[in-house]
Amino acid sequence: MAKITQPMIDSIIELVGGKSNIALAGNCMTRLRLTLKNNSLVQVDDLKRVGGVMGLVESDEQLQIVLGPGKAQTAAEMMNISLSQESEGSSSQQNNQKNNPNLKDIASDQKKQMKAKQTSGIQRFLSKFATIFTPLIPGFIAAGMLLGIATVLEQVYLTGQTNPNLFLVDLVGYFKVFGKGLFSFLSILIGYNAQKAFGGSGVNGAIIASLFVLGYNPDATSGIYSGMTDFFGHTIDPRGNIIGVLIASILGASVERFIRRYMPDDLDMILTSSLTLLFMGAVTFIVIMPLGGYLFQGMSWLFLNLNGNPIGSAILAGLFLISVMFGIHQGFVPVYFALMETQGFNSLFPILAMAGGGQVGAAAALYVKAKKDSLLRVQIKGSIIPGILGIGEPLIYGVTLPRVKPFVTACIGGAAGGFFIGLVSYLGLPVGLNTVFGPSGIVSLPLMTSDSGIFPAMMVYGSGLLISYGVGFIVTYFFGTKNIDLS
């Protein structure tokens, strides 16, 4: 049987219409699954004659190339590596668009240029976190919004009531149950996504993650008893939580790929996952769970101290836009989980969200400085409302970053807001998001919470945004527009 080689992958890419025609490359056990932009570009007869291609299954949504057991995942990995490289002809396409610039094109071009520079191993590693957590964000937002509504109803209509409205009691409980369901089994979702992101089978990551969810006390009255109290005499302590799950799933992906490399194709479906789970289960119980617990405690201590320190908070908020620029901001996600478990809310998120406020203020200053009929004003009009709502990339890549100085002053505006949030925390009122993720900008207001309730948290967060807007505007107006293109 033919092996999967790079020339074979290159031939498949060419015969399906090139890199630009491939929207998504995935796989199942035996098939390379391609989502194409234009199915009519596929050269079906020639594709069937490629060595190693055992057949095609065509549909409106996918082109499935049958390669046989043990080969499809290798093919998908190699193809995604090829697709991640800059496609040929992109520069000529950009040149064609220069004559008709608009905000979307400029932001897209700037973002591509920055992404093209991200070649270090650390940056590539952290960029995979977006693949892990981005699909979960809608669920986090939904659960957070429902929890926010439930908290408002509870504080306004139920707290202190001797005879509370039973319908509202049931409604509050109903709104809260989704968040409890999400966080009870979140580890399994993360394990699945993490192992997929790092080249393994998602289901193995989910099974490994379940080791952190199962209980190991036969007398426990809640949870699911695993059926074992120790691992061959070794105490099991699944304190690692999300940190441990990430380590175990990412390492498990490497182990799975290593085993698959030497496993005969006919035995791949039967033995690869079994050997991966047996090995990773032992490593998880003996090494990763204790290690994850220590890392979890260390990260919690570090960021709790930074959050409660106005200078540390200012630094975090001021540098956050730079991490977004380089696409490594998803590296903060494990910290979010640590803070949620330690504090009960994500106190880092509102600090980092101040960076977006600085962007809005800087953009407003540029708008005031620009001429009425300038292209810059048109660009800012199309991006500042999304920026206020927490979608900052159009402002970053289309407005401030290309002009450099406004990007720096935007960071200063964010640092000012971060300083305020940190100062309030230092004075005794730490605030945070009631869920791991959420939208930034003003949309996050109802998701804010604190030990003193939701309304003080909303006031602190809203005040921080206003400070970021104001400082970003003032610093940009006076210091960020000299010798800057305002046309």
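User: Which residues does Asn-21 touch, not counting residues up to four places away in sequence?
Analyst: This is a predicted model, where local features need pLDDT of at least 70, side-chain atom pairs count only at pLDDT 80 or more, and totals for chains, interfaces and linings use all residues. Residues are numbered from 1 along each chain as its sequence is written, and side-chain values use heavy atoms, with hydrogens and water left out. A contact means heavy atoms within 4.5 Å. Skipping residues up to four places away in sequence, Asn-21 touches Val-16, Thr-35, Leu-36, Lys-37, Asn-38 and Leu-41.

User: Is Asn-21 buried or exposed?
Analyst: Asn-21 is found in the loop between α1 and β1. Buried means under 20% relative accessible area, exposed over 50%, and partly exposed in between (1.4 Å probe, protein chains only). Asn-21 has 4% relative accessibility, so it counts as buried.

User: How far is the backbone oxygen of Val-16 from a polar atom of the Asn-21 side chain?
Analyst: A polar contact is a pair of N or O atoms within 3.5 Å; within protein, one must be able to donate a hydrogen and the other to accept it, and residues adjacent in sequence count only if both atoms are side-chain atoms. Val-16 is also on the list of residues that Asn-21 touches. From the backbone oxygen of Val-16 to a polar atom of the Asn-21 side chain, the distance is 2.7 Å.

User: What are the buried residues of helix α1?
Analyst: Helices (H or I, at least four residues) and strands (E, at least two) are DSSP runs, numbered from the N terminus. Helix α1 spans residues 6-15, and just after α1, Gly-17 takes a positive phi of about 110°. What covers the buried residues of α1 includes β1 (22-27), β2 (31-36), α2 (44-48), β4 (63-66) and α3 (72-84). Those buried residues are Met-8, Ile-9, Ile-12, Ile-13 and Leu-15.

User: In what order do the four strands of the open sheet come?
Analyst: Two strands pair if DSSP finds at least two bridges between them. Five bridges join β1 to β2, and four join β2 to β4. The pairing in this open sheet is antiparallel, and the order is β1-β2-β4-β3.

User: Which strands stand at the edges of the sheet?
Analyst: The order of the sheet is β1-β2-β4-β3. Two of these strands each have a single partner strand, so one side of each is left without a neighbour in the sheet. They are β1 and β3 (55-58).

User: What angle does the direction of α3 make with that of β1?
Analyst: Axes are lines fitted to C-alpha atoms, for helices over the stretch in contact, and angles run from 0 to 180 degrees between N-to-C directions. Helix α3 packs on the sheet and touches β1 and β2. The direction of α3 makes an angle with that of β1 of about 150°.

User: Which residues form the uncovered face of β2?
Analyst: In a regular strand the side chains alternate between the two faces of the sheet. The covered face of β2 holds Leu-32, Leu-34 and Leu-36. Leu-36 stands opposite Ile-22, while Arg-31 has Val-66 of β4 as a bridge partner. The uncovered face is made of Arg-31, Arg-33 and Thr-35.

User: How far apart in space are Leu-63 and Arg-31, C-alpha to C-alpha?
Analyst: Leu-63 sits in strand β4 and is buried, with a relative accessible area of 4%. Leaving aside neighbours within four places in sequence, its contacts include Leu-32, Arg-33 and Leu-34. Leu-63 and Arg-31 are 32 residues apart in sequence, and in space their C-alpha atoms are apart by 9.5 Å.

User: Is Pro-430 buried or partly exposed?
Analyst: Pro-430 lies in the loop between α18 (405-426) and β7 (431-433). Among the residues it touches are Gln-343 and Phe-345. With a relative accessible area of 22%, Pro-430 is partly exposed.

User: What percentage of the residues in the chain is buried?
Analyst: The chain has 19 helices and eight strands. Of its 487 residues, the buried ones make up 46%.
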